[in-house]
Amino acid sequence: MPLASIPSPSQGVWYLGFVPIRAYALCIVLGVVLAVWLSERRWRARGGQPGTMIDIAVPAVIFGLIGGRLYHVITDWQTYFGARAIKEPYQALFIWEGGLGIWGAVALGGVGVWLACRRRGLSLSAVADTVAPGIAFAQAIGRWGNWFNQELYGAPTTLPWGLEIDVQHGGEPGVLYHPTFLYESLWNLALGIALIIIGKRLGLRHGRLFALYVAGYTLGRFWIEGLRIDPVGGVDHAVEFFGLRINQYTAIVLFVGALIYFWVTRNKTGEESVIVDGDADPAHPSSLADSEHEVATSTATAADSSEKEDKPEKPAGEKEAETEAPVAGSVSEPEPKAESVSEPEPKAEAESVSGSGSGSGVESESGAESGVTSESGSEHEVKASGVPEEKNSR
């Protein structure tokens, strides 16, 4: 029995109420988030507009998931179809159970990126060079989802970092296996760091950095794939041609293609478009926006002038009445002050009652009435005198 080993998780699914939280999906999502964040920073460093990589990531991820699943189903079709199928055909849609081919994910995801770049007028090669390190890091994180699912492990080994696999996942008691998921994760991590360093020192452009990513990944995938014993292309065994697995042949083809592209474009120069032609919104270019603004301004100016021409000029008498209206209102405001004059009257009345008796009280009442009369008279005088004075002042 080995003294050291890597244990496999006891479960890869947790439940939040009735909602399943799958570790495989979390690893993929975390890898995508890291790739988009890094690509966004690298794109802005090249002079690109903020948010471009986030917009491009949407179709890229959707197309990539579809492509990755299609590659898995095509190469492992006997798992879902045929007399020896161990799963139902509809389970080919259960992406959370594992089974994403990186070859199909990158290929069809690239189609999504191409469509987004074409719509925005961006250089596809510039975008490819920008996202290359991020893709490598995303793969490094995504491979840990295979660890939770206990899949894609290698042949038996006695190394101290051997991986334990449960019997229900194809393992044998007391036997350790090569942790190929860990090998590929570390390889992709080193590849992403190397791409960033090489890109800064050599200034690779026009898709050459992405070609290095393809060449570097396929080189590592070739020898790691040779360690795996999981069935690819068959139900209980891997389909091989001349001792090589299907994914190894795919790696060879892509490796050669990447080297050819890197060599052919070695002397390629020129500017790469990293800024959208127009505004950030491709549906409303800046040139059209400027012309629309000019048309709107001229239309508003014409409408204002036509309103001024159509509007008749008021007679002088009406203008004077309009100006006098607020003046009259201002003269009537002192009316509350006149009421304050009548407030001392009750005091006089009380004094006369105490000093002179009931007769004088009648006189004081009459005096109060006369005071009120004089008050109203004073109000009329103020109003009558106020308006002419205001007119004279004008």
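His 206 is buried, at 6% relative accessible area (buried is under 20%, exposed over 50%, partly exposed in between, with a 1.4 Å probe and protein chains only). The model is predicted: local features need pLDDT of at least 70 and side-chain atom pairs pLDDT 80 or more, while totals for chains, interfaces and linings use all residues. Residues are numbered from 1 along each chain as its sequence is written, and side-chain values use heavy atoms, without hydrogens or water.

**Positive phi**
- Most residues other than glycine have a negative phi.
- His 206, in the loop between α6 and α7, has a positive phi near 60 degrees; helices are DSSP runs of H or I with at least four residues, strands runs of E with at least two, numbered from the N terminus.
- Gln 150 has a positive phi near 55 degrees and lies in the loop between α5 (144–149) and β3 (163–164).
- Gln 150 counts as buried because its relative accessibility is 4%.

**Nonpolar patch**
- Phe 222, Trp 223, Ile 252, Val 256, Ile 260, Trp 263 and Val 264 form a nonpolar surface patch (residues with over 30% relative accessible area and no salt bridge, nonpolar side chains joined within 5 Å; a salt bridge is a Lys or Arg side-chain nitrogen within 4 Å of an Asp or Glu carboxyl oxygen).
- α8 gives the most to the nonpolar patch, five residues.
- Val 256, in helix α8, counts as partly exposed because its relative accessibility is 41%.

Notes. Patches are made of residues with over 30% relative accessible area and no salt bridge: like charges are joined within 9 Å, nonpolar side chains (Val, Leu, Ile, Met, Phe, Trp, Tyr) within 5 Å. Accessible areas come from the Shrake-Rupley method with a 1.4 Å probe; for residues, only the protein chains shown count as cover.
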